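This report sets out the architecture of one protein chain in running text. The sequence and the structure are shown first.

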Amino acid sequence: MEHKENNARRDFLKKAVMGTVGLSVMGFSAKSYGNILGANDRVRVGIIGFSDRFRHSLYPAFMEHAKDMNFEFVGVSDIWNRRRDEAEAYAKEKHGLKLKKYRNNDELHSKKDIDAVIISTADFQHALMGVEAVRNGKDVYLEKPMAETMEDARAILKAVEDTGKIVQIGSQRRSAPNYIAANEYIKSGKFGDIKMVEMTWNVNQPGRWRRPELVSQIRKEDTDWDRFLMNRPKVEWDPRKYLEYRLFWPYSSGIPGQWMSHQIDTVHWFTDLEHPRSVAANGGIYMWADGRENPDTLTAVFDYGPGDDPGKGFQVVYSSRFSNSAGGVKELYYSNGGMLNLDTNKITSEGGLTADMADDMGMQANLLAEYTLPSQAKVSTAANTGGDPMTSLHMRNWMECVRSRETPHASVKAGYNHSVANIMTRVAMQTGKRVTFDEAKQEVVAS
């Protein structure tokens with residue numbers, strides 16, 4: 001049975017990489033696409049997955065800029081008939097839009113009247129649905145995590161490099177003014193060398209990632225379970241794994257994919273380091289024993305630095321828990337001179353080397369000057385549709401890049417890098433081993 005599952009997985013990946021999952025578009029290069037799509041042409045966008053994330057954030061972010069950028073939603077693909085009907089009704093009620101409904105992505109990609117897609121499906125589906133889309137001539141806004149396995153990560157990286165399509169990964173911090181300013185400040189040298197980073201994402205929400213009401217309502221005959229599984233092992237229908245996939249591997253890594261991918265991405269961005277040198281992690285289900293398989297508590301410790309100089313680098317400590325929300329969401333960067341706090345958007349001398357401590361060793365004090373980063377920009381009040389500011393700015397950047405053919409803020413390479421860190425963390429947690437990365441083979445190694 002395992003041999004057949006592995007073969008099916010390899011066959012799916014091979015077809016995805018070659019562009020034969022669905023209908024491939026031949027001879028449709030980035031340059032020719034750019035010529036076809038004129039500066040004033042309307043960009044027609046398909047929705048792949050009418051998820052909670054799409055409904056509450058991506059849809060309003062898109063509509064915030066749709067008129068100005070001349071973009072429009074024209075169709076929705078979702079394998080659950082209920083979601084297709086909800087998308088149709090939602091778009092009609094909110095903005096009078098008429099969406100075509102597609103039972104699956106093959107149907108959507110077969111249409112020539114769709115230029116781009118927004119993908120917000122189950123975590124493990126993102127990468128290969130992205131492969132399908134770019135191989136079929138579509139630009140893509142792709143939710144994070146980009147990939148949950150290295151096979152899938154390599155597949156989408158190659159597909160985007162082959163096709164030249166515009167792909168924006170949903171790491172929206174990269175479009176926020178405070179994060180952009182933090183990146184510029186660190187790269188200016190004023191902050192000094194990063195010595196440690198502390199990151200947390202804490203909640204106290206028994207219902208987080210749970211969908212008990214929907215689980216009781218969904219029927220196998222109303223969706224397409226085989227399509228849902230994609231390249232994962234073929235197993236019996238399980239509505240919890242369909243709707244509460246974040247709680248179960250191999251459909252999601254849980255905490256790393258959902259939350260850590262956002263925060264660890266800033267480390268790569270601010271330092272130009274592509275991935276950790278090593279990761280050690282521990283976690284467990286300490287609070288919500290509700291049948292889930294992914295931990296509700298996780299701590300990971302990362303070593304970052306140049307691969308050819310072990311004497312240089314810094315440590316990242318990431319922790320997340322579902323049992324107590326104290327501490328909330330924090331991102332704290334430390335140098336010898338002070339701290340950069342991306343919660344308060346302040347750079348301070350807190351913890352820096354003081355004169356009295358420096359004098360004892362014949363050194364000079366090292367204290368950062370106080371500095372406040374610009375706060376997040378707010379979406380336009382004239383057409384505020386409820387999207388969060390970071391996602392709104394990120395969506396606009398994608399739209400601009402679809403027209404200009406420039407690389408968006410969160411490129412596929414950025415997504416590849418956060419995927420490597422996520423996968424290293426998940427493997428470290430699952431194996432209990434210290435995990436490294438083989439550059440030559442582009443593989444995660446549990447040593």
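Where is the place of Pro250? Pro250 sits in the loop between α11 (239-243) and α12 (255-271), and the peptide bond from Trp249 to Pro250 is cis, with omega near 15°.

**Basis of the description**

This is a predicted model, in which local features need pLDDT of at least 70 and side-chain atom pairs count only at pLDDT 80 or more, while totals for chains, interfaces and linings use all residues. Residues are numbered from 1 along each chain as its sequence is written, and side-chain values use heavy atoms, with hydrogens and water left out.

The chain contains 15 helices and 16 strands; these are DSSP runs numbered from the N terminus, helices being H or I of at least four residues and strands E of at least two. Of its 447 residues, 55% count as buried. Buried means under 20% relative accessible area, exposed over 50% and partly exposed in between, with a 1.4 Å probe and protein chains only. Residues 24 or more positions apart account for 74% of the contacts with a separation of 6 or more, where a contact means heavy atoms within 4.5 Å.

**The parallel sheet and its helices**

An open sheet of 6 strands has the order β3-β2-β1-β4-β5-β6, with parallel pairing; two strands pair if DSSP finds at least two bridges between them. β3 (100-102) and β6 (167-169) stand at the edges with a single partner strand each, so one side of each is left without a neighbour in the sheet. From one strand to the next, the twist averages 25°; axes are lines fitted to C-alpha atoms, for helices over the stretch in contact, and angles run from 0 to 180 degrees between N-to-C directions.

Strand β2 (residues 71-77) pairs with β3 in the parallel sense over 3 bridges, and Gly75 stands opposite Lys100 in β3. Helix α3 (residues 52-69) packs on the sheet, touching β1 (43-48), β2, β4 (116-119) and β5 (139-142), and its direction makes about 145° with that of β2. Helix α4 (residues 81-95) also packs on the sheet, where it touches β2 and β3 and makes about 165° with the direction of β3.

**Other strand pairings**

Strand β10 (residues 314-321) is joined to strand β7 (residues 196-202) by 7 bridges, and the two run parallel; Trp201 stands opposite Ser320 in β10. Strand β9 (residues 297-304) pairs with β10 in the antiparallel sense over 8 bridges, with Tyr304 opposite Phe314 in β10.

In helix α6 (residues 126-135), 10 of the 10 residues are buried, so the helix is largely enclosed by the rest of the structure. Just after α6, Gly137 takes a positive phi of about 80°.

Helix α7 (residues 150-163) and helix α15 (residues 412-431) pack at an angle of about 175°, with their axes 10 Å apart. That makes α7 roughly antiparallel to α15, a term for angles over 145 degrees. Met150, Ala153, Arg154, Ile156, Leu157 and Val160 in α7 meet Val412, Lys413, Tyr416, Ser419, Val420 and Ile423 in α15. By class, this contact has 9 nonpolar, 1 polar and 2 charged residues; Ala, Val, Leu, Ile, Met, Phe, Trp, Tyr, Cys and Pro count as nonpolar, Asp, Glu, Lys and Arg as charged, and the others, Gly among them, as polar.

**Nonpolar cores**

A nonpolar core is a set of buried Ala, Val, Leu, Ile, Met, Phe, Trp, Tyr and Cys residues joined through side-chain atoms within 4.5 Å. Of the 95 residues in the largest one, Phe228, Phe302, Tyr304, Val316, Tyr333 and Leu340 touch the most other members. The largest share of this core, 9 residues, comes from α15. Apart from it lies another core, of 29 residues, among them Leu58, Ala61, Tyr90 and Val402.

**Backbone geometry and a buried asparagine**

Most residues other than glycine have a negative phi, and most peptide bonds are trans. Two residues that are not glycines take a positive phi:

| Residue | Phi | Loop |
|---|---|---|
| Asn70 | about 60° | between α3 and β2 |
| Met230 | about 50° | between α10 (225-229) and α11 |

At 7% relative accessibility, Met230 counts as buried. The peptide bond from Lys144 to Pro145 is cis, with omega near -5°, and Pro145 lies in the loop between β5 and α7.

Asn178, in helix α8 (residues 177-188), is buried, with a relative accessible area of 2%. Its C-alpha atom is separated by 9.1 Å from that of Thr372, 194 residues apart along the chain.

Definitions and conventions: Angles under 35 degrees count as roughly parallel, over 145 as roughly antiparallel, 65 to 115 as roughly perpendicular and the rest as oblique.
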